[in-house]
Amino acid sequence: MPNITEIHEEIHAQSRLVVGIDVSKDKLNVYAQHADPGSGTRAELDDQIRNQTSAIETMLDEWADYANQNGLDGLLVVCEPTGGQEERLLQTARRLGHETAYVNGEHVAKASVIESGDQGKTDPMDARVIAIVAEMDKTQEERVLEGEHALLRELGRQYEAETEAVVRARNRLHDILGKLFCDYDKSKRFVFESTGAAMAEVYGWNPYAIVEDGFETFRRKIKQEVRRVRESTLKELWAQAKQSTRLRMPAEQQKVLERRLRQLWADYKRHEARKEEVTEQMADLYRQLLQKDQAPDRIGKLDEAIMGRLVGETGPLSDFEHWREVQHYGGMNLFERESGKYRGETKISKK
């Protein structure tokens, strides 16, 4: 007797009109196909609409009418995750009573090669392949979070955006610093520590202003900001400032660079402050979930804010029947290679 395994499919695409949608910021490419066994014919539906709520509503109503007229049980609206550009589409589809799901981008990329026979890529082609993958029931449920979990997910996105903004400000500041204080010879980290912050606040890292003040005045001003600054550090910065001024940069250029550096310093501080604010909010929400027994205890050295981010991405862990489901949901799929007598090392595919 063969081995028989019963598989539970959560999404049954066969009873619905599967609508594959390739999502971009401004437009949606839409595709579906429907076979009529009785007549032996197949209909292909395709369209391109603007990524706007009214256009999406009209399209879904028209395609739902078609599904109803052809004896299908509504729509299954499917797309790839696109970093948030798909949210308007999925929220509208759910509001109108349609089922929604995701398909894995890796599945779509591989299926596209099989479907077309080449590495080509177009938006209409992607919509078609998304629908084909969904018809094979290779879908992932769109998990709609509520309450604290939904807030944590949104705050996680804000934290990520602020982190990226901090990195951009730091990189641009270093670029300007290299032009203005050309012989600066300490670590990049130092610029954002207490003494580096004092240099930015007092002098805008302008070596010409430092040298013009003289060492004793420079020393006194920085010590007013950072009492425990080392004498050796002050002497190093003074020597590097004097070396930098040998470039003899025109005064107007100095002013332009110093003004830009101060602007970037203000940007850096503003985004860091926002990160701290978001961090506190995530930690507070995590504690609320912990009190309700709806979140796991802290793991290792992870703080409450990081735990909040993790819970915001997974949603309620009670939704998962096994820890491997959480692993797969996070993209940590195990990749095995085995052929004949060969046994390869099992690794994380990250796809």
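**Exercise 1. What radius of gyration does the protein chain have, and what would a compact globule of 351 residues have?**

Step 1. The radius of gyration is taken over C-alpha atoms, and the globule rule is 2.2 Å times the number of residues to the power 0.38.
Step 2. For a compact globule of 351 residues the value would be near 20 Å, but the protein chain has 29 Å.
Step 3. The C-alpha trace spans about 95 × 50 × 45 Å along its principal axes.

This is a predicted model, in which local features need pLDDT of at least 70 and side-chain atom pairs count only at pLDDT 80 or more, while totals for chains, interfaces and linings use all residues. Residues are numbered from 1 along each chain as its sequence is written, and side-chain values use heavy atoms, with hydrogens and water left out.

**Exercise 2. How do the axes of helix 1 and helix 2 cross?**

Step 1. Helices are DSSP runs (H or I, at least four residues), numbered from the N terminus.
Step 2. The axes (lines fitted to C-alpha atoms over the stretch in contact, with angles from 0 to 180 degrees between N-to-C directions) of helix 1 (residues 53-69) and helix 2 (residues 87-95) come within 10 Å and cross at roughly 45°.
Step 3. Helix 1 is therefore oblique to helix 2; angles under 35 degrees count as roughly parallel, over 145 as roughly antiparallel, 65 to 115 as roughly perpendicular and the rest as oblique.

**Exercise 3. Which residues of helix 1 meet helix 2?**

Step 1. Contact means heavy atoms within 4.5 Å.
Step 2. From helix 1, Thr53, Ile56, Glu57 and Leu60 meet Arg88, Leu89, Thr92, Ala93 and Arg95 of helix 2.

**Exercise 4. What percentage of the 351 residues is buried?**

Step 1. Buried means under 20% relative accessible area (1.4 Å probe, protein chains only).
Step 2. In the protein chain, 37% of the 351 residues count as buried.

Conventions: Helices (H or I, at least four residues) and strands (E, at least two) are DSSP runs, numbered from the N terminus. Buried means under 20% relative accessible area, exposed over 50%, partly exposed in between (1.4 Å probe, protein chains only).
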